[in-house]
Amino acid sequence: MCTVCGCGTAVSTKGPGSENLIGTHAHDHGQDHSHAHSHDHHHHDHAEGPLDFGKGIAGVNLSGMSQERTIRIERDILSKNDAFAHANRFRLRNADIFALNFVSSPGSGKTSLLVRTINDLRDRWPVAVIEGDQQTSRDAERIRATGAPAVQINTGKGCHLDAHMVSHALDRLSLAPGSLLFIENVGNLVCPAAFDLGEAHKVVVLSVTEGEDKPLKYPDMFAASDLMLLTKVDLLPYLEFDVGACLAAALRVNPRIKVLTISSRTGEGLAAFYAWIAARTAAMIEPPGLPA
Amino acid sequence: MHEMSLIESVVALVEDERRKQEFSRVRMVRLAVGVLGHAEPAALRFCFDAVTQGTIADGARLEIEQVLGEGWCSSCHQSVPLRERFAACPVCGGTQVKMTAGGELRLSELEVE
């Protein structure tokens with residue numbers, strides 16, 4: 001059981017930087033949340049925390065209250081996730097950590113891109129990674145092989161990371177101020193679009209081995225992202241992939257999206273990606289209008 | 001299938017509400033779901049019975065009120081109906097249309113006893 005809030009998250013203890021988070025937060029603990037918090041647990045307003053799912057009718061049966069009535073609620077269904085995301089964002093900003101949420105279909109080359117990026121940037125910034133997959137720690141192991149700390153979240157049946165899972169992963173990473181945090185979401189071009197994790201930017205990764213019309217077919221993800229990385233461009237000579245049509249499709253669903261074409265294998269275009277990171281981290285640390 | 005998580009979130013909001021005003025049973029849950037949003041009403045219905053089982057919302061009826069798409073066209077300065085999230089303005093054909101309705105995903109009402 002999670003020692004932070006008592007939720008059903010199991011954590012293996014292989015030492016710092018090498019943990020796995022397992023489970024889908026199938027919270028089955030008691031409802032009173034009376035456990036003590038001895039550590040810095042930033043986000044849990046327990047009246048707000050989504051720790052009551054599936055708990056069942058908790059013995060409250062008011063025999064005198066059978067009168068039917070209608071209650072107006074008008075609350076956003078994602079409001080709980082958004083509250084956790086807000087807390088994550090606040091926490092990351094306070095710690096001077098620049099977080100990117102990488103989203104894509106499976107097989108677009110997210111992990112290869114992260115491995116290459118970590119190796120290229122390690123002398124400029126400390127980098128840590130949160131890996132999201134339904135099963136296995138394979139991706140986290142690939143990241144750890146670079147020397148960077150990584151926490152693997154296994155979502156089980158879940159098709160996306162949510163902000164609550166990420167808040168637990170943050171507890172298990174000790175991040176130096178000025179670090180980059182890369183969150184690799186579950187490979188899925190649909191569901192992760194809806195879940196803000198508290199990142200600075202969503203980065204959508206699309207490979208040239210996929211169709212150039214993906215942005216039109218899965219518009220939510222491209223609309224939610226600030227940067228699109230078109231990967232595996234070293235394969236273009238062997239494919240019939242219209243880069244111009246792909247860019248036009250991306251700009252149609254999101255006129256503000258920035259697009260870079262890259263190859264993690266040859267390194268083509270990566271300098272522009274690193275320059276984008278440098279510009280955004282500088283903007284985060286020194287907001288316009290404030291003295292440096 | 002993030003509709004499963006969305007219904008879990010709905011149940012959590014209902015639990016919140018029960019802490020505020022006591023009730024023993026939920027008869028109806030009404031959601032407002034925008035037609036241009038990312039949740040599919042059929043999938044929400046599919047998940048609802050399974051997810052609410054054993055919760056305060058067990059046995060409740062799910063009503064989904066669909067919210068039509070609407071946008072603000074910055075070329076012709078008016079609200080226009082939107083049939084696709086990134087469609088051009090149906091009045092002037094301009095592409096600078098900002099969606100103003102149709103993305104909703106809201107728990108709007110409960111009938112309780």
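**Backbone, strands and interface**

Tutor: In chain A of this predicted model, A:Thr136 is placed in the loop between strand S5 (127–133) and helix H3 (138–144). A:Thr136 is not a glycine, yet its phi is positive, about 70°.

Student: How many residues of strand S4 (residues 98–103) of chain A are buried?

Tutor: In a regular strand the side chains alternate between the two faces of the sheet. On one side of S4(A), A:Phe98, A:Leu100 and A:Phe102 are buried, and on the other A:Ala99, A:Asn101 and A:Val103 are buried. Both faces of S4(A) are thus covered, and the number of buried residues is 6 of 6.

Student: In S8(A), what is the bridge partner of A:Asn101?

Tutor: S4(A) is joined to strand S7 (residues 180–184) of chain A by 5 bridges, and the two run parallel; there, A:Phe98 has A:Leu180 as its partner. S4(A) also pairs in the parallel sense with strand S8 (residues 201–207) of chain A, over 4 bridges. In S8(A), the bridge partner of A:Asn101 is A:Lys202.

Student: What length does helix H2 (residues 41–52) of chain B reach from its first C-alpha to its last?

Tutor: H2(B) has 12 residues. At 1.5 Å a residue, the expected span is 16 Å, and the helix comes close to this. From first C-alpha to last, H2(B) reaches 16 Å.

Student: Within what arc do the buried residues of H2(B) fall, seen down its axis?

Tutor: The buried residues of H2(B) are B:Leu44, B:Cys47, B:Phe48, B:Val51 and B:Thr52. Seen down the axis, they line one face of the helix, because they fall within an arc of 125°.

Student: Which residues are exposed on the other side of H2(B), and which elements are included in what covers its buried residues?

Tutor: On the other side of H2(B), the exposed residues are B:Ala42 and B:Ala50. The cover over the buried residues of H2(B) includes, from chain B, helix H1 (3–20), strand S1 (26–34) and strand S2 (61–67).

Student: Which element gives the most to the side of chain B that touches chain A?

Tutor: In the interface, 32 residues of chain B are in contact with 35 residues of chain A. H1 and strand S6 (105–112) of chain B each supply at least two residues of this side. The element that gives the most, with 10 residues, is H1(B).

Student: In S6(B), what is the bridge partner of A:Arg75?

Tutor: Strand S3 (residues 69–76) of chain A and S6(B) run antiparallel and are joined by 6 bridges. In S6(B), the bridge partner of A:Arg75 is B:Leu107.

Technical notes:
Residues are numbered from 1 along each chain as its sequence is written. Chains are lettered from A and ligands numbered from 1 in the order in which they are written. This is a predicted model: local features need pLDDT of at least 70, side-chain atom pairs count only at pLDDT 80 or more; totals for chains, interfaces and linings use all residues. The expected span of a helix is 1.5 Å times one less than its number of residues. A residue is buried if 20 or more other C-beta atoms lie within 10 Å of its own, exposed if 12 or fewer, and partly exposed in between; C-beta atoms are placed from the backbone. The arc is that of the directions from the helix axis to the C-beta atoms. Two residues are in contact if their C-beta atoms, placed from the backbone, lie within 7 Å. Two strands pair if DSSP finds at least two bridges between them.
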